[in-house]
Structure formats: structure tokens, C-alpha cells
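Please consult the sequence and the model while going through the numbered points.

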Amino acid sequence: QAHRARAQQVEQDRRMRTEALERLRQAQRESDELRRRLPAMRAHDIDAVPWEEVRLSVHLEGGRGTGGMHPKGGVTVLQVHEDSAVCLRRGPSLVSEWIAWRVALALGVPVARSRLLRYGADA
């Protein structure tokens with residue numbers, strides 16, 4: 001009886017690991033597909049993002065990115081609809097981001113629109 005229960009547990013654990021691995025592989029395929037389609041996507045209105053409709057996200061490294069589990073540079077792209085996306089950027093500090101934005105505006109350099117979001121806030 002104990003041997004049978006142990007064998008069933010081992011089989012269930014194996015099945016769960018196999019399913020988790022397949023979910024990871026599927027997520028990687030979807031991320032790769034989003035990266036491939038990015039150049040053809042349009043920007044979604046940053047003031048009207050339907051957060052509950054976000055379908056997929058992918059991090060694009062850039063700037064001072066270090067890679068790994070917690071990249072410091074680049075942007076995270078969120079696919080909102082089939083053909084639109086929003087970029088989220090985590091800057092080194094709010095002050096440096098604000099200064100860079102103001103300098104760009106003063107010099108007449110076109111910059112992407114942005115707005116600050118607080119984690120958990122209703123956007």
C-alpha cells in the first residue's frame with residue numbers, strides 16, 4: 001500500500017514537472033514571437049491602457065542592462081491588443097529621468113510620452 005502510494009506520488013511529481021517545463025517552453029515561444037512582431041506593432045495610448053487586457057510581456061535589454069533575473073536597463077514591452085504595445089521602463093532614479101526629459105524638451109529633442117505609475121495603483 002505504501003509502495004503504491006509512493007509510486008503514484010512519484011508519477012504525479014514527474015507529470016507536474018513535465019507540464020511546468022512545457023508551460024515554460026510555450027512562454028518562451030510566445031516571447032520570441034512577440035519580439036519578432038515588435039517592429040510592426042503600434043504604440044498604445046499610454047493614458048488609456050486596459051491593464052486587464054495585457055496579453056504578454058517581454059523584457060528587452062538595453063542601456064546599462066545586466067541581464068539575469070532582475071535586469072536594470074532596457075524596457076518591458078506589454079502586448080495590449082494583437083497589434084499594439086506599451087513600454088514600461090524602470091529608470092535608475094525618478095530625478096535623473098525627470099531631468100533627462102526636461103533637457104530633451106528644452107533642446108527640442110523628440111521624446112516618447114511617459115507617465116509615472118505606482119505599483120498597485122489603478123491606472
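1. Arg 36 counts as exposed, at 57% relative accessibility. The classes are buried (under 20% relative accessible area), exposed (over 50%) and partly exposed in between, with a 1.4 Å probe and protein chains only.

2. The model is predicted: local features need pLDDT of at least 70, side-chain atom pairs count only at pLDDT 80 or more, and totals for chains, interfaces and linings use all residues. Residues are numbered from 1 along each chain as its sequence is written, and side-chain values use heavy atoms, with hydrogens and water left out.

3. Side chains of opposite charge can pair when their charged atoms come close. A salt bridge here is a side-chain nitrogen of Lys or Arg within 4 Å of a carboxyl oxygen of Asp or Glu. By this rule the count is 8 salt bridges.

4. Arg 36 forms a salt bridge with Glu 33, with the closest N and O atoms 2.5 Å apart. Both residues lie in helix α1 (residues 2–37), 3 residues apart, about one turn of the helix. Helices are DSSP runs (H or I, at least four residues) and strands likewise (E, at least two), numbered from the N terminus. Glu 33 is partly exposed at 32%.

5. Glu 33 also meets Arg 37 in a salt bridge (3.5 Å, N to O). Arg 37 counts as buried, at 19% relative accessibility.

6. Which residue does Arg 37 meet in a salt bridge at 3.8 Å, N to O? The partner is Glu 82. This pair links distant parts of the chain, 45 residues apart: Arg 37 in helix α1 and Glu 82 in the loop between β3 (75–81) and β4 (84–88).
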